[in-house]
Amino acid sequence: MGLLEHKLPENVFFTKLDQLTMRWGLRNSLWYMLFATACCAIELMQTGMSRYDFDRFGMIPRATPRQSDLMIVAGTVTYKMALRIKRLYGQMPEPKYVISMGSCANCGGGFVHSYSVLNGVDKIIPVDVYVPGCPPRPEALMEGCMKLMEKIDQEPRLVRSAR
């Protein structure tokens, strides 16, 4: 330890600015926008209830894309809705993340051979975390959110580019 650490009181600590403010702040305050259909929507709603309590992770549902960091796409995505999802994703501020929840959102699910179902939301927007299942339990969604938090911790934030 250096000379400075010995002179400061115990409640002072040293860290990097991007580690403290950007990563920790973003990781613990993911506001998610809902885009849910069918049976996955019920499981997503259940995750926000008192038994599972998404709020303890700092995850708060938002109704507008302009205040959301995270889009949770849960359930079947049709071609008709794909353009709306892409528009909503485009309206989200940076940095933005996407969780694909359920087999239908991941790869088309049981409707994979239907003429109107998109075979995975990753065909129109980039997906950060996939949550498998039909429908996935709230525990699986919470694990997917924790995986996203780990991914956010690993991202460089305030890095100067080499000139």
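Tyrosine 32 and phenylalanine 54 are both buried, where buried means under 20% relative accessible area, exposed over 50%, and partly exposed in between (1.4 Å probe, protein chains only). The model is predicted, so that local features need pLDDT of at least 70 and side-chain atom pairs count only at pLDDT 80 or more, while totals for chains, interfaces and linings use all residues. Residues are numbered from 1 along each chain as its sequence is written, and side-chain values use heavy atoms, with hydrogens and water left out.

A search of the whole structure finds one aromatic pair. Tyrosine 32 and phenylalanine 54 form this pair in an edge-to-face arrangement, 5.4 Å centre to centre with 75° between the planes. Rings of Phe, Tyr and Trp (its six-membered ring) pair if their centres lie within 6.5 Å; planes under 30 degrees apart count as stacked, over 60 as edge-to-face and the rest as tilted. Because tyrosine 32 lies in strand E1 and phenylalanine 54 in the loop between helix H3 (38-47) and strand E2 (60-62), the pair ties together parts that are 22 residues apart in sequence.

The protein as a whole has six helices and five strands, which are DSSP runs numbered from the N terminus (helices H or I, at least four residues; strands E, at least two). From the N terminus on, their order is α-α-β-α-β-β-α-β-α-β-α. Of the 163 residues, 37% are buried.

Helix H4 (residues 79-91) has 13 residues and reaches 19 Å from its first C-alpha to its last, close to the 18 Å expected at 1.5 Å a residue; the expected span is 1.5 Å times one less than the number of residues. The buried residues of H4 are Ala82, Ile85 and Tyr89. They cover an arc of only 65° around the axis, which puts them on the same side of H4; the arc is that of the directions from the helix axis to the C-beta atoms. Strands E1 (31-36), E3 (70-74) and E4 (97-101) are among what covers these buried residues. Turned away from the buried side is a face with the exposed residues Lys80, Leu83, Arg87 and Gly90.

Tyrosine 89 also has the charged end of lysine 96 over its ring, 4.3 Å from the ring centre. A charge sits over a ring if NZ of Lys or CZ of Arg is within 6 Å of the ring centre and within 35 degrees of the ring normal.

Most peptide bonds are trans. A cis peptide bond, however, joins glutamate 94 and proline 95, with omega about -10°; proline 95 is in the loop between H4 and E4.

Methods. Contact means heavy atoms within 4.5 Å.
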